[in-house]
Amino acid sequence: MQVLRQLLLLPLFATLAFAEDKSGVPRCGASFHDLNKAFKIDVNANANCVWQIQRNENQTIRLIFSYFKFAPSSSCETESIKVYDGPSTDSPLLGQVCNDTDAVPVLQSSSDSLTFVITTDSVDFARSFFVYYYFSPNTKTENCGGQLTGPNGTLTSPNYPAPYPEFTYCVWHIQAPKNSKIHLEFQDFFLELDQNCRFDFTAVYDGLTTNTGLIGKACGRSQPKFESSSNVMTVVLSTDYANSYRGFSASYTSSPLPSSPVEPSTLLTCSSDSMKIVLKKSYLASLGYNETHVQVNEPSCSPVITDSVIFSFPLASCGTTKTDDGHSITYTNIVSLSATGNIITRQKSIQIIVKCKMENNSTLEVVYITKDNIIQNTTAVGRYNVSMSFYDSGSFSEPIHQSPYYVDLNQTLFAQVSLHSTDPNLLVFIDSCIASPEADFGSLTYDLIRSGCNKDDTVATYPPVKHYARFKFNAFKFLQSFASVYLQCDILICDSNNTNTRCTQGCISRQKRATSSYLWKTNAVAGPIRVKRDLRSADHSESLTKAEAEESPNLQYSFYILSLVVLISNIIIAVVVILKYHKHQAGHGYQKLQSSY
């Protein structure tokens, strides 16, 4: 009985051990001794959390803050992450990360210990950070970074087109001829997909340093393009410990800088959520103005003053207006420079008209500078941030985080496309959605949605909700023993105030489609999906998924019950044989033989 009790408790112990292994990282401070680790940190107001990394490895530590979100109003004096090169905060300061850090911070210790401190102010705001570190391997990765010179050239990720190695950090410095700028284009690009590019990513910098001047950051599947403002550019590839793909193949060209460039002291940056306008104080002084003379359409939107005057606000605020021409959407604001507090003035009133234009897979910044009806204009580009995820039910409240996503054949799957934008007057529409057994969506594909029409009998779409488009379908698998299913959907974004856009027309024919309009188009990818019966054939080198963790105790329990039944059956058979044998002997007693002598 004691043996049976132990057998029955084994699955329970295994489950409890698994839950303990998956316990979360402490919210405020910890000491780590793992060889590598990735973790998310969430802190609130008035935090002062110390994290220590130490291991007797005789190797240096590479620490990467691939995502950080401070309180929007914070500065480096009020909120920051300070990194120290040693086992305590008394060690030398290695670097600092704060709200205006214009880079993806990567810090390297000089020994096998490192400490960082997160400090926040009293503002009620949920701060979030994603961090991973690893002890740098002693081996050198081939084709990882280097110097590229000349008017044009090419670069590829290590092992391309085979998967790139784990824990890779490569830096390429590109230098073109003087008085030129660099155009970088990725012909093939496939890194691990994540909404905030927290795991594997490529970062491109305007200059020869990775500490500032971030032009952009990319991951997933796309063909990004970047342009420098001078003849130097830096490209970084950073990877973590899992989910390697084929990487990238890129080329660069150079072109002469304009002979009379647009005023360099005015900088406009557009993102999916906001616009940022930077005016140099020296530029304002050359016009006879200072920071007190500057305002945008909404005077209550005040700038941050450093050596520049910096306005940064959501796209749909501070008096910004929105227009569309049927193919793109433009957000416009006006920075006015005018004298104040006087009855008369002999200064020219200046207006700087700034425009963020959202186009297909790009962002366009436009600056017009007017001086008494003299207009100068500058153009540059941005994109909306769109992602796609699976959810556990039609309420779309709990997203599925595991990858691969193991499902039952014919199980109902719920997918949601999300637009991450501060503009409330946008509408998301799923134009087409295809499935493929291959992550690069090769020749074998299957239509789920085409031109807004459901092509699979199990597909059902939900009414649009704010910045979300949702649909469901039943799980399937491809023939010919393909293990995975990937989804790729074409997404349209329209102005919700316009009732005659492609987003409001639903399912249409190809002929009618040619006359419809939308503001912006992109695609989103999700997957892989795998049927649960393929679970046991997965590569043993992969970590145990949640589906396997749920299945393993049941298999162990069934094995123990079967063994117990066989054991009891053998005991019963043995008892029956012994009883029969004794009964036979009782009917035929022994008799002593008499001697013949």
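This briefing describes sheets, nonpolar cores and selected residues of one protein structure.

The structure is a predicted model, in which local features need pLDDT of at least 70 and side-chain atom pairs count only at pLDDT 80 or more, while totals for chains, interfaces and linings use all residues. Residues are numbered from 1 along each chain as its sequence is written, and side-chain values use heavy atoms, with hydrogens and water left out.

**Sheet with strands β29, β31, β36 and β35**

- An open sheet is formed by 4 strands in the order β29-β31-β36-β35, with antiparallel pairing. Strands here are DSSP runs of E with at least two residues, helices are runs of H or I with at least four residues, and both are numbered from the N terminus.
- Because β29 (385–391) and β35 (460–461) each have a single partner strand, they stand at the edges, and one side of each is left without a neighbour in the sheet. Two strands are said to pair if DSSP finds at least two bridges between them.
- Strand β29 is joined by 7 bridges to β31 (residues 412–420), and the two run antiparallel.
- Opposite Val386 stands Leu419 in β31.

**Sheet with strands β11, β18, β13 and β16**

- Another 4 strands form an open, antiparallel sheet in the order β11-β18-β13-β16.
- At its edges are β11 (153–156) and β16 (225–227), each of which pairs on one side only.
- From one strand to the next, the twist averages 20°. For such values, axes are lines fitted to C-alpha atoms (for helices over the stretch in contact), and angles run from 0 to 180 degrees between N-to-C directions.
- Strands β13 (residues 180–190) and β18 (residues 247–256) pair in the antiparallel sense over 10 bridges. Phe186 has Ala250 in β18 as its bridge partner.

**Nonpolar cores**

- The largest nonpolar core contains 53 residues, and Met275, Ile430, Phe471 and Phe473 have the most contacts inside it. Such a core is a set of buried Ala, Val, Leu, Ile, Met, Phe, Trp, Tyr and Cys residues joined through side-chain atoms within 4.5 Å.
- Another core, of 24 residues, lies apart from the largest one and has Ala30, Trp51, Ile61 and Ile81 among its members.
- In soluble globular proteins, nonpolar side chains tend to be buried together.

- Strand β5 (residues 80–84) is mostly covered, as 4 of its 5 residues are buried. Buried means under 20% relative accessible area, exposed means over 50%, and partly exposed lies in between (1.4 Å probe, protein chains only).
- Lys82 has Val117 as its bridge partner in β8.
- With β6 (residues 93–97), β5 pairs in the antiparallel sense over 4 bridges. Ile81 has Val97 as its bridge partner in β6.

**Two buried residues**

- Thr202 is found in strand β14 (residues 201–205), and its relative accessible area of 1% makes it buried.
- Leaving aside neighbours within four places in sequence, Thr202 is in contact (heavy atoms within 4.5 Å) with residues including Phe186, Phe189, Leu191 and Phe248.
- Gly29 lies in the loop between α1 (2–21) and β1 (30–32), and it is buried, with a relative accessible area of 16%.
- Gly29 touches Cys49, Val50 and Trp51, not counting residues up to four places away in sequence. The C-alpha atoms of Gly29 and Asn48 are separated by 8.5 Å, although these residues are 19 residues apart along the chain.
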